[in-house]
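This report looks at charged side chains and their surroundings. Please have the sequence and the structure at hand while reading.

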Amino acid sequence: MSLIKTEFEIEQLKIAAKLLAEVKKKIYDFVRPGISLKEIDAIAFDEIIARGAKPAFLNYHGFPATICISVNEILIHGIPNDYILQEGDLVSVDLGLSHNGFFADSAFSKSLGPNAENEKLIKCAEEASFAGFKAIKPGATTGDIGFAINQVIRSYGFFTPVEFCGHGIGKKLHENPNIFNFGVPGRGKKLQNNMVICIEPMIVQSSPRI
């Protein structure tokens, strides 16, 4: 699919994103101590199907579940299993769907109960996301976005893994360009009107290498 989307394509992507936002709210509210990861995955499947959409991750490159659930030290792409969530856990959920052939992709992290370190990581991710959003404008580059995100992450004393990144999205879940969470201002792909991208700040406490 072209990097530059038509007005029709953008409207379809907005519809998919709105549906995913509804599912995301349902899942966020459902995540709590005493619930298994498989239960969360089942709810996500039902909520996506109920909206006339399809799970984007299920069977994608062999992934066996509707959503990715990563708990505590697991960074991304955790496979839902029988683990029962506990007070103090840090839970990250990555979810996506397709509707009429157009994709949406989003994620959230939630601390189960008061936990200063969890809350610091979440606050850092939120601020990094907003810094990335602020850097997005026609004429800016993917390096500008990555630089803005990484400045926030490093200000907290954290790191971002170099192996993973955000991406374009459209009629495929993952499209060009790659949006890394670090970069050099002015470098990388230049942004244009009607490009659609996902920025995905990822944060680790100890090292940029996984």
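Is E11 buried, partly exposed or exposed? The model is a predicted one, and in it E11 has a relative accessibility of 40%. Buried is under 20% and exposed is over 50%, so E11 counts as partly exposed.

E11 takes part in a salt bridge with K14, and the closest N and O atoms of this pair are 3.7 Å apart. Both residues belong to helix α1, which covers residues 7-30. Three residues, about one turn of the helix, separate K14 from E11.

## Two further pairs in helix α1

Side chains of opposite charge can pair when their charged atoms come close. E22 and K18 form such a salt bridge, with 2.9 Å between the closest N and O atoms. The two residues lie four residues apart in helix α1, about one turn of the helix. E22 has a relative accessible area of 29% and is partly exposed. K18, at 53% relative accessibility, counts as exposed, because the cut-off for exposed is over 50%.

K25 pairs with D29 in another salt bridge, whose closest N and O atoms are 2.6 Å apart. Helix α1 holds both K25 and D29, and their spacing is four residues, about one turn of the helix. D29 has 44% relative accessibility and counts as partly exposed.

How many salt bridges does the structure hold? There are eight salt bridges in the structure. The pairs described above are among them: K14 with E11, E22 with K18, and K25 with D29.

Which residues are linked with K18 and E22 in a network of salt bridges? The network also includes E47 and R51.

## K5, before the helix

K5 lies in the segment before α1. With a relative accessible area of 3%, K5 is buried, because the limit for buried is under 20%.

What does the side chain of K5 meet? A polar atom of the K5 side chain lies 3.5 Å from the backbone oxygen of I169. I169 is also one of the residues that K5 touches, when residues up to four places away in sequence are not counted.

Definitions and conventions. Residues are numbered from 1 along each chain as its sequence is written. This is a predicted model: local features need pLDDT of at least 70, side-chain atom pairs count only at pLDDT 80 or more; totals for chains, interfaces and linings use all residues. Side-chain values use heavy atoms; hydrogens and water are left out. A salt bridge is a side-chain nitrogen of Lys or Arg within 4 Å of a carboxyl oxygen of Asp or Glu. Buried means under 20% relative accessible area, exposed over 50%, partly exposed in between (1.4 Å probe, protein chains only). A polar contact is a pair of N or O atoms within 3.5 Å; within protein, one must be able to donate a hydrogen and the other to accept it, and residues adjacent in sequence count only if both atoms are side-chain atoms. Contact means heavy atoms within 4.5 Å.
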